[in-house]
Amino acid sequence: MLLIDIIQNNYKIISIVGMGKNAGKTVTLNHLIEEAAINGITIGITSTGRDGEGIDLVTGTEKPSIYAFEGTYIATSEKALKLGDAKIEIIKVTDYRTPMGKIVIGKVRDAGYVQIAGPQTTKEIKAISNILIDFGAEVVFIDGAINRLSSAAPSVSQGCILATGAVVSRDMNKVIRDTLHAVELFKLPEVKEDTLRILIKDIIQKENISLIDENYNVKTLDIKTSLNSGKIISQHITKSTRYVIFPGSLVKNTIEDIVKGSRLIKNVTFVVRDGTKIFVGPVDWLRLCRQGLKVKALNSVSTLAVTINPYSPQGYYFDQREFLNSMKKHLKDIPVFDVVHGGEYKDEIYR
């Protein structure tokens with residue numbers, strides 16, 4: 001099975017997100033671009049940041065360039081459009097702006113390398129992706145920027161491919177643990193009850209942290225962000241409180257302050273928009289769950305596949321087979337692809 005086989009005819013908008021810089025996200029994108037071309041699939045490409053430049057602007061290390069085949073649709077900024085060598089026909093100039101100019105929609109007429117600098121908000125990314133589909137892209141790939149897992153959110157894409165690798169840590173076991181944790185957060189259980197979902201959607205749209213009691217009464221707190229607000233939130237939790245809704249991010253310090261400040265935590269479920277909004281490491285997450293933490297999501301994130309990169313730009317690397325086999329053993333329900341060494345998935349352990 002090829003990586004593109006998971007997507008073809010099943011999904012329209014796919015995010016590619018990385019566990020960190022140099023985790024293999026662009027390698028994964030190039031792999032998908034090539035497989036799509038071989039299979040005659042017309043694709044669109046955009047990004048939540050900037051990608052495709054030969055040298056990383058932050059670290060100064062070499063980066064894989066993005067090669068676009070003839071017929072590919074791209075959404076990039078006016079300045080980035082001029083930095084590649086592919087010949088691109090501009091078919092639409094949008095009103096969406098970035099530091100590198102307006103976002104333009106183009107179609108590759110002569111294959112070559114491209115640089116992608118797309119919109120910076122999830123709402124704009126979704127809108128641009130839909131425009132690419134309207135012009136003829138069968139599948140749109142969103143290249144997520146570093147630490148911008150939000151592009152994997154269900155409000156943006158229908159599923160994500162998670163790129164991970166040796167760059168996350170010199171300890172292979174830690175890489176596997178952190179990757180498993182990300183996947184677990186992505187598939188947080190969803191709130192199912194219709195009445196509750198309607199209330200939560202409204203709260204998230206209004207962007208106010210709120211509490212819901214056993215009778216579905218909503219108490220809105222006069223705080224916009226959960227940062228440094230744990231103690232305030234805990235003071236408002238009563239015996240009848242059943243849910244605490246976080247429209248934005250949920251971070252470790254906030255959870256810890258709520259747990260310390262309220263003995264009623266075991267009666268309460270925290271609710272976030274989706275798992276990309278949680279910023280708690282695997283060790284702390286396990287500890288907090290043992291202390292009674294319960295978290296659900298309005299929408300879970302579908303992880304379609306995990307890709308691995310056994311090499312780190314710092315000069316160390318993992319044994320290819322050991323890394324692939326170990327990741328497969330732990331991610332039993334999700335296909336794992338080594339895109340650096342071919343990328344074909346087999347159900348049996350690689351020997």
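How are α5 and α9 oriented to each other? The two helices are oblique to each other, as the first legend sets out for this predicted model.

**View 1. Contact of helices α5 and α9.** Helix α9 spans residues 282–290, and its axis comes within 10 Å of that of α5. The axes cross at roughly 55 degrees. Angles of 65 to 115 degrees count as roughly perpendicular and those under 35 degrees as roughly parallel, and α5 and α9 are therefore oblique. On the α5 side the contact is made by Arg177, Asp178, His181 and Leu185; on the α9 side it is made by Pro282, Val283 and Trp285. The residues of this contact divide into four nonpolar, one polar and two charged.

**View 2. The nine-stranded open sheet.** The strands follow the order β6-β7-β5-β2-β10-β1-β11-β19-β20, and their pairing is mixed. From one strand to the next, the twist averages 25 degrees.

**View 3. Strands β11 and β19 with the helices that lie across them.** Strand β11 (residues 159–165) runs parallel to strand β19 (residues 303–309), and six bridges join the two. Within this pairing, threonine 303 of β19 is the bridge partner of cysteine 160. Helix α5 (residues 172–186) lies across β11 and β19, at about 165 degrees to β11. Helix α10 (residues 320–330) lies across β11, β19 and β20, and runs at about 165 degrees to β20.

View 4. Cysteine 160 has a relative accessible area of 0% and is buried. Cysteine 289 has a relative accessible area of 32% and is partly exposed. The structure holds zero disulfides.

View 5. Strand β5 covers residues 73–77; five of its five residues are buried, so the strand is largely enclosed by the rest of the structure. In a regular strand, side chains alternate between the two faces of the sheet. On one side of β5 are Tyr73, Ala75 and Ser77, on the other Ile74 and Thr76, and both faces are covered.

**View 6. The pairing partners of β5.** Strand β2 (residues 43–47) pairs with β5 in the parallel sense, over two bridges. Glycine 44 stands opposite tyrosine 73 of β5. Strand β7 (residues 101–110) runs antiparallel to β5 and is joined to it by five bridges. Here the bridge partner of alanine 75 is isoleucine 105 in β7.

**View 7. Glutamate 35 in helix α2.** Glutamate 35 lies in helix α2 (residues 25–38). Is this glutamate 35 buried or exposed? With a relative accessible area of 7%, glutamate 35 falls under the 20% limit, and it is therefore buried. Leaving aside neighbours within four places in sequence, glutamate 35 is in contact with Leu2, Leu3 and Ile4. Between glutamate 35 and isoleucine 91 the separation is 56 residues in sequence and 25 Å in space, taken C-alpha to C-alpha.

Key
Residues numbered from 1 in each chain as written. Predicted model: local features only at pLDDT ≥ 70, side-chain atom pairs only at ≥ 80, totals over all residues. Heavy atoms only, no water. Disulfide = S-S within 2.5 Å. Buried < 20%, exposed > 50% of the residue type's maximum accessible area, 1.4 Å probe, protein only. Pairing = 2+ DSSP bridges. Helix = DSSP H or I, 4+ residues; strand = E, 2+ residues; numbered from the N terminus. Axes fitted to C-alpha atoms, helices over the stretch in contact; angles between N-to-C directions. Contact = heavy atoms within 4.5 Å. Parallel < 35°, antiparallel > 145°, perpendicular 65-115°, else oblique. Nonpolar A, V, L, I, M, F, W, Y, C, P; charged D, E, K, R; others polar.
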